Every structure is written in C-alpha cells, then in structure tokens.
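Dear colleague,

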Amino acid sequence: MACVLETPLRMSVLSEVTASSRHYVDRLFDPDPQNVLQGVMLLYLLQQETSSTELKTECAVVLGSLAMGTENNVKSLLDCHIIPALLQGLLSPDLKFIEACLRCLRTIFTSPVTPEELLYTDATVIPHLMALLSRSRYTQEYICQIFSHCCKLRHWHSCGFKSSPQPLLCANGPDHQTVLFNHGAVQNIAHLLTSTSYKVRMQALKCFAVLAFENPQVSLTLVNVLVEGELLPQIFVKMLQRDKPIEMQLTSAKCLTYMCRAGAIRTDDTCIVLKTLPCLARMCSKERLLEERVDGAETLAYLIEADIELQRIASITDHLIAMLADYFKYPSSVSAITDIKRLDHDLKHAHELRQAAFKLYAALGANDEDIRKKIIETENMMDRIVNGLSESSIKVRLAAVRCLHSLSRSVQQLRTSFQDHAVWKPLMKVLQNAPDEILVVASSTLCNLLLEFSPSKEPILESGAIELLCSLTQSDNLALRVNGVWALMNMAFQAEQKIKADILRGLSTEQLFQLLSDSDVNVLMKTLGLLRNLLSTRPHIDQIISTHGKQIMQAVTLILEGEHNVEVKEQTLCILANIADGTTAKELIMTNDDILQKIKYYMSHSNAKLQLAAMFCVSNLIWNEEEGSQDRQDKLRDIGIVDILHKLSQSSDPNLCDKAKTALQQYLA
C-alpha cells in the first residue's frame, strides 16, 4: 500500500530516539521517495512481538511527530491502519508505551482529516480507555482530549438558529455522547476537575462541554454530580472567575451554557445571570484575543437566543451592543499594521468575527423591540448587514441573514430602516441558488417583508418573487415548503386580483392539492390560510371559484372528512364561509348536498370553535339582502338547520347564542 509520508519532522524528536530505531528514522529524511516509504517500517516494528518495549515506544513517539506534520502525513498513516496498531498498543502493561501510543492517537484524532468513527468501530476500545484514565496524568490528559475531539452530535435542527461553535454530525448508531455516557464518562472524568495538573483539568472541562451540548440526559446528570463535596455547577462557576486562565473561563461558561440550554439549569439561576452571562460578555471586549472574542460571542448568542430576559440583561451588560460593532473593524487599516503576521492573523479571523457579531445581534434582537432599535442605530449597521449578505463566506452570509431575520420582526424597522436601505434587493439575490440552510432563514425573512404594512412588498412582487416562492413549495425540505406557502399567504393578503391570479397560476391546481394533502400540519395550515386570503372580497371569490371551484370543494370535503385537528377544520370551515360570501360562488355550496350535511354536522359539534365557523357559513348563505336568499333559507330549513339554530340560541356560550339569534332574525325579516 502506498503510504507516502512528507518529511518535515521536528528535529527535537530525534533526541528521544536511540540508535536501535535510528536506521528507520534516517530513512524518513531521505530525498528518495522509495526510501521514505520504508519509514512505514516504524509501524511494522510497533506491531512486532519481537520488538522490545523500548523500541516500540520510540516508534510511537516518532509516528506521533510525523502525525504533527502535514495533513497528508496523517492521511498516509491512516491508510496504513495506524489507529488499530496504536489501539492494540494500549493493551501493553508498560505505562510509558501506553502514554506514547495515546499521545500519538491524540495527535491523529485532533487532525481534521481523521474520521471520529474510527474510535468507535471496536466496542471494547471506549471501556478500555475509561480504565486507563486512572493510570497517570498523561493518560488522563490525552484520553480526555481524544474524547472531546471524537464526540460529535448526530442531530442538528436545520431551520432553528443555533449559534454554538460545536462541531456536529456523526454517522448512524448511538451518538457519541450516548456511547461515552453509557460507559461512565461522567463518573470517570468528574474527579479530574480537581487534578493538580492544569492540562488535565482543562481537558476534563472540554470533555464535559462536548458531552453536555444539546444533551438533556448528560446535563441533568452533571447537575447532581458531587466532586469532593461540591456540586459540578459550583466547580464550573469557580473555574470561570476572573483570576482563572481565559481558556478555563470560556470552557466553564460553555459547560454552564450547554447545561442551561439542555434544561438542566434554569435561565434565572444566579450561576447563569450573575456568572455565566457576564463572563461571556467579558470575552467580547477589545482586550481579548480575536479567537476568544469569536468564541465568547457565539456562546453568548447560544445562551440567550431562547430567553427574552437573558436577551434584555445581555443588551445592557458591558455596552455589549456597541462593543460588537468593533467586530467589523478587522483587519485594521494596513497602515496601522506593520506586522505582516498580525495582518494575516486578522484576515483569518475577520470572517469569524463578523459571523459571531451577526449571530449575537440576531439573538439579542430576537424578541425585544427596544433592543432591535438599539442594534439598528449602531454605526452603519444596516450597511454591514447588506454587505454581509453578499460576502464570499457562506457562514457570514448565513449569520447576516439570521441577523436580518431577527430585525425583520420589527414593524417599525420594516417601515423605516429596511425601506431606506432596500434590503429586499440583496435578500432576493441571496434566495437565488443558495444552500437550504440559508434559504430557510432568507425565506423566513421574506415572509416578514411581505406583510401588508411593509413598503418592500411591492418591489419584491415586481422582482419575480411569486415564481421563486412557488418553487419553494415543491421543496423536499419541510421548512422551505412552510416558508414558501407562508410568504404566498402574506402576499395574497388584501392583494389585488392580478396578484392572486399570478399566485394560482404559479402554484398550479396540482401543486395546491399536493400542499393540501401534505403530511405536515404547518404546511396544511399555511395553505389553508393562503386559500382563505385568495378567497376574500366578492369579485375575487367569484372569479377564483369560477376557475378552481370544483377542485377547491373537493379539497374542503377531504379535509372535513379526514383525521385533522380542530384548527385545521376551523380554517377549512372559514374558507367555506368565504365561498358562501361570494355572489355566484355560494351556489357551489347550495348545489352540493354533501357539503351542506357537513356544515349541519359541525353546527352540532362538541367544539364551540367549529360550531361558530359552521354558523358563519350558514349566515352568509341565508343573508336576506342578497338575491336568492329565500330559496337558500328554504333549502336549509328543509335539511334541519333552523332547528339547530333554535337549540344554539339557548346555548350557554354567548358567542354561539348571539350568532344563532342573528341567523334566526334573517328568517323573520
């Protein structure tokens, strides 16, 4: 097998290697690739029973150094099955050899090219690693580091806004957190938080952060774990005090944040409000390194995104809103940077800083109107968002769209700042050929820009939005289907006949039915809402029913007969009431005995909402001032509707009672 190892190797390692392996090490520096290939002999020697433990240990050390080279080195070592060889080495009784194998495994597993699954393929590995935790401070440090790099989440909510910087996604089977948890990770690692070694404490802390993330089972266990008489959350709080190293403060804050978001710590607990939140806000200040500012802002965004009170507290902590504006000022002007390394560093982190700032602004402005106003009034904020929408980095684009979505919940801002900066233009551009993750948030934002009071509604319509939204309703992605229909529903509200006709043409009858039979209740509800908005104002009702009446009545019948919740059936009856309000459209109901029987059935239903919606249909059919009302009244009397109205006029429910009496007056007039 071709295992080509690139030669740069840290020279200091050679001093650790004795003459016995010198021959093989020298080959690694040979300019001839054929000789370099023989460096693979190290792996061979590592696995030979005849090799002395000392030689095996030296081989593991050198292989570890090779793994610290390029990613290609790691790939080559993986191709040569280095991981099974090193895992086999962990069965040795010799501690120094075990530590060398673990150090090499640590280096390999922390490389981005190594699949985490390789740690889990053999079910005996995790329990064995747990057993080795007690052997030395080095086994503790390396094993915790391996665990925290190989613990990936399987589930991720594509449409929710998640800010956490944790890496995600693992293959099928129990997720990594569950495997580690079931093998006693919490109990085995907890006591390491009081180790005399800073590195061990730090790696244990990182382990708990990845174990607790989005995991209620682990988080609820951690809350009650005692270490030397102290509960874990108290230990985490001590570790995020100002006198501790920044890395420790940040990681402890992550642990508490993840436990809080997983429901194990209340959002109003003092350890969150007075300790975790202020610590994360501190991390956003100019004094911190750029990496720390990114991590702090992303974790704070995740902490507060679902809690309005935490959003309010954060917004007035350490001038956070103004402080985040500084995140957009990297790289600094070139004249101010004489150090080329610094410029390179700033450039590398500039994207991450902007992404983190947008995420935190989005979380801060998720609910409170005053906070949104403060964010928008921050220097050049709308320009920054507009620029962010067209950045080359997909992560920055996504974060900018999320920020825009959060701010688009403000009626005031939709009417002012959003209009002044014509944000709909770059937003429509983002919606062309974007990945689903961006499409979901961008289409949610578009839903808000299409509300009837938004000045952006007209230009969006003129820019071909109907076609775009109709195509979203055909997506396999549920969130995109919901948003597509939702935006069309907003678009159809109080719209002129031409727009309604364009929507129906764009959707096609076939697609409309597809949506009305969607298995997801949100899609169904939004489609019914769209139909209800299309079927408003008499000329529009009559026009649409003349072209689509048969199909609409067919869909209404299916829904009223199906196993649907009260809200779905109520919305469907409201559509019937709208049809009954048409001039010619109402005949479609009067000539359909099946539908009339359904209206009668729902008038006597046990649910008052459905009774009320059915009575709206009846009222619209029998209204006196309209042509043909006498014939319609007679027909409804014949099928027993009047008897039900008399009963309902005695109802204890004031709404039902009033509606029934009003309907009966039409018969008396």
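Helices (H or I, at least four residues) and strands (E, at least two) are DSSP runs, numbered from the N terminus. After α5 comes histidine 81, which has a positive phi, near 60 degrees.

Before going further, please keep in mind that this is a predicted model, in which local features need pLDDT of at least 70 and side-chain atom pairs count only at pLDDT 80 or more, whereas totals for chains, interfaces and linings use all residues. Residues are numbered from 1 along each chain as its sequence is written, and side-chain values use heavy atoms, with hydrogens and water left out.

As for the chain in general, its secondary structure comes to 40 helices and two strands, and 56% of its 669 residues are buried. Of the contacts in the chain with a separation of 6 or more, 67% are between residues 24 or more positions apart, where contact means heavy atoms within 4.5 Å.

Helix α8 (residues 125-132) and helix α9 (residues 137-149) cross at roughly 145 degrees, and their axes come within 9 Å; axes are lines fitted to C-alpha atoms, for helices over the stretch in contact, and angles run from 0 to 180 degrees between N-to-C directions. The crossing of α8 and α9 is left-handed, a term used if the near helix is turned anticlockwise from the far one by less than a right angle, while clockwise makes a crossing right-handed. In this pair, Ile126, Leu129, Met130 and Leu132 of α8 meet Thr139, Ile143 and Phe147 of α9. The residues of that contact divide into six nonpolar, one polar and no charged, where Ala, Val, Leu, Ile, Met, Phe, Trp, Tyr, Cys and Pro count as nonpolar, Asp, Glu, Lys and Arg as charged, and the others, Gly among them, as polar.

Leucine 180 and methionine 130 are 50 residues apart in sequence and 9.1 Å apart in space, C-alpha to C-alpha. With a relative accessibility of 2%, leucine 180 counts as buried.

In the second pair, helix α36 (residues 593-603) and helix α37 (residues 608-622) pack at an angle of about 135 degrees, with their axes 7 Å apart. The two are therefore oblique to each other, given that angles under 35 degrees count as roughly parallel, over 145 as roughly antiparallel, 65 to 115 as roughly perpendicular and the rest as oblique. The crossing of α36 and α37 is left-handed. On the α36 side the contact is made by Leu596, Ile599, Tyr602 and Met603, and on the α37 side by Leu610, Gln611, Ala614, Met615, Cys617, Val618 and Leu621; these residues divide into 10 nonpolar, one polar and no charged.

Asparagine 380, in the loop between α21 (369-376) and α22 (381-388), has a positive phi of about 55 degrees although it is not a glycine, and with 47% relative accessibility asparagine 380 counts as partly exposed. Asparagine 433, in the loop between α26 (424-430) and α27 (436-449), likewise has a positive phi, near 60 degrees, but at 81% relative accessibility asparagine 433 counts as exposed.

Finally, glutamate 305 sits in the loop between α17 (290-304) and α18 (308-315) and is buried, with a relative accessible area of 13%. The side chain of glutamate 305 makes a polar contact with the side chain of arginine 261 at 2.8 Å; a polar contact is a pair of N or O atoms within 3.5 Å, and within protein one must be able to donate a hydrogen and the other to accept it, while residues adjacent in sequence count only if both atoms are side-chain atoms.

With kind regards

How values were computed:
Buried means under 20% relative accessible area, exposed over 50%, partly exposed in between (1.4 Å probe, protein chains only).
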